[in-house]
Amino acid sequence: MGITYTRDDEKPVANQRVVTAEATFDGDYTAGGEPLEPADVGLGQIESVTVQTNVTTSGFVPSHDGGTLALYDNETGAEAAAAEADGDTVTLEVRGRS
């Protein structure tokens with residue numbers, strides 16, 4: 001797996017649950033991005049994801065689109081290679097339901 005998700009916080013908001021989680025990329029990062037599944041953050045269904053990290057420590061821009069989390073070079077727009085993404089972290093706010 002190219003990402004390990006660590007839940008930092010969870011709170012109820014109306015009829016949803018909001019989970020703050022840290023995504024840590026590793027050397028197995030896959031081109032096209034890594035999936036974010038509801039179970040990865042302790043939810044039954046994901047309704048929205050907000051990427052709270054603008055740029056990683058290596059200078060990559062994180063993007064969440066269609067269920068995947070990917071990293072892109074801030075200057076060239078090229079996707080990060082597995083070795084380049086290794087160790088980078090991104091903070092996410094995930095809204096969903098149990």
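At 23% relative accessibility, Thr91 counts as partly exposed. Residues are termed buried under 20% relative accessible area, exposed over 50%, and partly exposed in between, with a 1.4 Å probe and protein chains only. The model is predicted: local features need pLDDT of at least 70, side-chain atom pairs count only at pLDDT 80 or more, and totals for chains, interfaces and linings use all residues. Residues are numbered from 1 along each chain as its sequence is written, and side-chain values use heavy atoms, with hydrogens and water left out.

Thr91 lies in strand E7. Strands (E, at least two residues) and helices (H or I, at least four) are DSSP runs, numbered from the N terminus. Setting aside neighbours within four places in sequence, Thr91 is in contact with Thr20, Ala21, Thr50, Val51, Gln52 and Thr53. Contact here means heavy atoms within 4.5 Å. Gly27 is 64 residues from Thr91 along the chain, and the two C-alpha atoms are separated by 19 Å.

Strand E7 spans residues 89–97 and also holds Glu93. Glu93 has a relative accessibility of 19% and therefore counts as buried. Beyond the neighbours within four places in sequence, Glu93 is in contact with Val18, Val19, Ser48, Val49, Thr50 and Gln52. Thr50 and Gln52 are also among the contacts of Thr91.

Thr53, one of the partners of Thr91, sits in the loop between strand E4 (45–51) and strand E5 (60–65). Thr53 counts as buried because its relative accessibility is 17%. The side chain of Thr53 reaches the backbone nitrogen of Thr91 at 2.7 Å. This is a polar contact, defined as a pair of N or O atoms within 3.5 Å; within protein, one must be able to donate a hydrogen and the other to accept it, and residues adjacent in sequence count only if both atoms are side-chain atoms. With neighbours within four places in sequence left out, Thr53 is in contact with Pro62, Thr89, Val90 and Thr91. Glu22 and Thr53 are 31 residues apart in sequence, with 9.7 Å between their C-alpha atoms.

Val55 belongs to the loop between E4 and E5 as well. Val55 has a relative accessibility of 41% and so counts as partly exposed. Apart from residues up to four places away in sequence, Val55 touches Phe60, Val61 and Pro62. Pro62 is also listed among the contacts of Thr53. Gly44 and Val55 are eleven residues apart in sequence, yet 29 Å separates them in space, C-alpha to C-alpha.

Val61 is placed in strand E5. A relative accessible area of 27% makes Val61 partly exposed. Val61 is in contact with Asn54, Val55, Ala70, Leu71, Tyr72 and Asn74, once neighbours within four places in sequence are left aside. Val61 and Tyr72 are eleven residues apart along the chain, and their C-alpha atoms are separated by 5.1 Å.

Ala14 lies in the loop between strand E1 (3–13) and strand E2 (16–25). Ala14 is exposed, at 80% relative accessible area. Phi of Ala14 is near 55°, a positive value in a residue other than glycine.

Along the principal axes, the C-alpha atoms fill a box of roughly 40 × 25 × 20 Å.

Of the 98 residues, 34% count as buried. Among contacts between residues at least 6 apart in sequence, 64% join residues at least 24 apart. The chain exposes about 5,100 Å², of which carbon and sulfur atoms supply 44%. Accessible areas come from the Shrake-Rupley method with a 1.4 Å probe; for residues, only the protein chains shown count as cover. There are 5 positive and 18 negative side chains, and the centres of the two sets lie 18 Å apart. Lys and Arg count as positive and Asp and Glu as negative, without His or the chain ends. Each charge is placed at NZ of Lys, CZ of Arg, CG of Asp or CD of Glu.
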